[in-house]
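Open the model in your viewer and keep the selection tool at hand.

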Amino acid sequence: MIKNYLKIAWRNLVKNKASSFINITSLSVGMAVAMLIGLWIWDELSFDKYHKNYESIARVMQQETSNGEVNTIKAMPIPVAYQLRHLYGSNFKYVVLSSWTNPHLITFKSKNLSIQGNFMEPDAPEMLTLKMTKGTRAGLKDPSSIIISESASKAIFGNIDPIDKVLKLDEYNLKVTGVYQDLPYNTSFNNVLFIAPWEVYAREQDVQQAMGDWNHNSFQIFAQIAGSSGMAAVSSKIKGIKFNNLDGEGKKVKPEVFLYPMSRWHLYSEFKNGLNTGGDIKYIWLFGITGIFVLLLACINFMNLSTARSEKRAKEVGIRKAVGSVRGQLIVQFLSESLLMAILAFVLSLFLIQLSLPFFNELSGKQMSVLWAHPLFWLLGIGFALISGLFAGSYPAFYLSSFKPVKVLKGVFRAGKMASIPRKVLIIIQFTFSVIMIIGTIIVFRQVNFAKNRPIGYSRAGLIMIRPFSEDIHAHFGAFRNDLVQAGAITEIAESGNQITHGSRTSGGLGWQGKDPNMHDEFATVAATPEYGKTVDWQLKEGKDFSKGYSSNADGLILNETAVKYMGFKNPIGQIINWNNKKYAVLGVTKDMVAESPYEPIKPTVFYITTEAGIINIRINPLINAANALSKIEGVYKKYAAGQPFDYKFTDEEYAKKFDNEERIGKLASSFAGLAIFISCLGLFGMASFMAEQRVKEIGVRKVLGASVFGLWRLMSGDFVALAIISLVIATPVAYYFMHNWLQNYTYRAELSWWIFAVTAAGAILITLMTISYQSIKAALANPVNSLRSE
């Protein structure tokens, strides 16, 4: 019986080639999209699960209340870690201090490489359950040791065994005691290519100064709770650990320490006013729903084309019932047809996935692969195909099997106008979803472009940043600058404490005339040399810039516009500011410069002169070729920093990275929107083809009576355009609601303009007309003699 069902199913599939092609193509594309999205969601949900202690690892964080607003901070002071061990040791298995992940100079023999890594306490490898390929996790217990990743080992040592080899990390000689597997891309530590002992990092002067300072929020602390302890209970215990060790100004912000579980780092990373407001989890829901709807569009095509051809299969149903078939057998027959089509579509979708996965990985910023050898993949895949087939075939199966044999065989059966209503509803659903996706994609890209066009307060073009690996250039900065100027490679150069595209250090405790005594101030602070303003080409609004050789520089500050408003100055020039037990005069005011998120408000910022800075900012001479200028800069750089890699970054490229996430989401959404439209148009084309076939005699009669081609085209197109308009009426308010709420996540955001909806509406109607016009015009141009010959 099953063999017979499959044989009939195959015959019907071959007989109706056009509809079979449309059904299999749309189903395969829908399945491929759904499975690609499923892979992406699986990758996101499994983030950090590489670590066996995933459920019990946490980041130690804090919340501070400033002027009524609660700020959530990852950076912690060192003493918190010591107190957690001392006071709450029984609640923790590990408490690990860590630096931030930064590039460092690693030297071995003649090789000099810039490699990213962390300085961490000895328990870090055990806590993170690193998979060691050589050595053991206990390798960091030796304060002169280092453990490296496999890729770092390959880059530094090639094919030789690295164990017990001595390399130089910055200025420290360390022995390799272990090699661990590269961490997967979907982990928070995937860019950590080496771990060096915290004791080495603690030798740095600024770290030594921070050892007992409860206000010095500059370090990371990770912890693993003990087996019998609950994360929430321990977090509640430790919340006062910092507040209880502060006095005076520090207590004003009421710091509360808490544990943030590793399971929430990636998908729930956003905080607003002390509350977790979500994060990338919203994209899990967004693309999960998108995958379901794209597959639904494909299923709708199958339902529509199957039910549209009901009259052609009515006699088959009538004869089968007349010779004894029961409704259940007919349902099985029709479901077997949809299952056969679903299996064929599934096979094609696997080919499409393999073909598109490299592009999808590049688009999504992932490194995913299909688990071909995993039985679970095939079990879920085949189950997914069967469910899709059953869902797509269920409505046609029950609808076709309900025909009355008496009416069918008498020849009085007609589907009637009411039979087309479900098909029209399904087409409206298809187009409604497609239009929503188009509107959403346009708004996402508009928001990105809106933020990109935001005035940033300085010039990015031709500005590069270098983080030297030693003090050699800083010690000879004057000579280094002169050599670059004489080489004609630059127009200006300056040092600063941080990259212009990254957040600055924050500081409080500033005093000024008229300040509210209950106010807790917080400023971004930028330390720089006097040439900084000319180098970055900031826009001075009033007052004067720092100038080399002026004695006023050391006692002067430059504020940004937001800082002037924050302090309430009407005439800021010359105002006295007390900071760190020293009086400063305001020299000038610069326009706001975007340093952190281009979507968020700019922080009040103070610029001051320093003799100690870590970043070199260089303005390339615009009169010479950039490649030539970089070659000259590299030659001078290596003269003062012999053996060090020339590791530079273009400011405009670094700034562009701030838009990566939104652009990635926009590209994914536009790709899925394009596929949704493609599937919808396939179904529309199939329906137009069927309608033209069904009305061929009507069109013939109309042509004989004098109807024009244009008139017939308008007649055939009218119904579909009406459905498209209904879809637009439904989709527009829905899209407005969801995209308006999405834009509320950004303080600096684009407006929802009417033209977005107008352009989408015009585009949707145009696509509808283009899709159906071929069949409409073909039918209108047909010779009426051929269609009326039998009448």
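Helix axes here are lines fitted to C-alpha atoms over the stretch in contact, and angles run from 0 to 180 degrees between N-to-C directions. Note that this is a predicted model.

**Stop 1: residues 696-704 and 709-743**

Select helix α22, residues 696-704, and helix α23, residues 709-743. Their axes lie 11 Å apart, and the packing angle is about 150°. Angles over 145 degrees count as roughly antiparallel. The pair α22 and α23 is therefore roughly antiparallel. Look at the handedness next: α22 and α23 cross in a right-handed sense.

Now show side chains. Which residues of α22 meet α23? They are Glu-698, Ile-699, Arg-702 and Lys-703. On the α23 side, pick Leu-712, Leu-715 and Met-716. The residues of this α22–α23 contact comprise 4 nonpolar and 3 charged, with no polar ones.

**Stop 2: Phe-738**

Stay on α23 and move to Phe-738, which lies in this helix. Is Phe-738 buried or exposed? Exposed means over 50% relative accessible area. Phe-738 has a relative accessible area of 53%, so it is exposed. Ile-436 and Phe-738 are 302 residues apart along the chain, yet 9.4 Å separates their C-alpha atoms.

**Stop 3: residues 477-486 and 626-640**

Jump to helix α16, residues 477-486, and helix α19, residues 626-640. What angle do their axes make? They cross at roughly 155° and come within 10 Å. That makes α16 and α19 roughly antiparallel to each other. The crossing of α16 past α19 is right-handed.

From α16, take Ala-479, Phe-480, Asp-483 and Leu-484. From α19, take Ile-633, Val-636, Tyr-637, Lys-639 and Tyr-640. By class, the residues of the α16–α19 contact are 7 nonpolar and 2 charged, with no polar ones.

**Stop 4: the whole protein**

Zoom out and select everything. The protein has 25 helices and 26 strands. Along the principal axes, its C-alpha trace spans about 105 × 60 × 55 Å. Of the 791 residues, 51% are buried.

Take contacts between residues at least 6 apart in sequence: 78% of them join residues at least 24 apart.

Finish with the surface. The protein exposes about 36900 Å². Carbon and sulfur atoms supply 58% of that area.

Methods: Residues numbered from 1 in each chain as written. Predicted model: local features only at pLDDT ≥ 70, side-chain atom pairs only at ≥ 80, totals over all residues. Heavy atoms only, no water. Helix = DSSP H or I, 4+ residues; strand = E, 2+ residues; numbered from the N terminus. Parallel < 35°, antiparallel > 145°, perpendicular 65-115°, else oblique. Left-handed = near helix turned anticlockwise from the far one by under 90°. Contact = heavy atoms within 4.5 Å. Nonpolar A, V, L, I, M, F, W, Y, C, P; charged D, E, K, R; others polar. Buried < 20%, exposed > 50% of the residue type's maximum accessible area, 1.4 Å probe, protein only. Areas by Shrake-Rupley, 256 points an atom, 1.4 Å probe, with all protein chains shown as cover.
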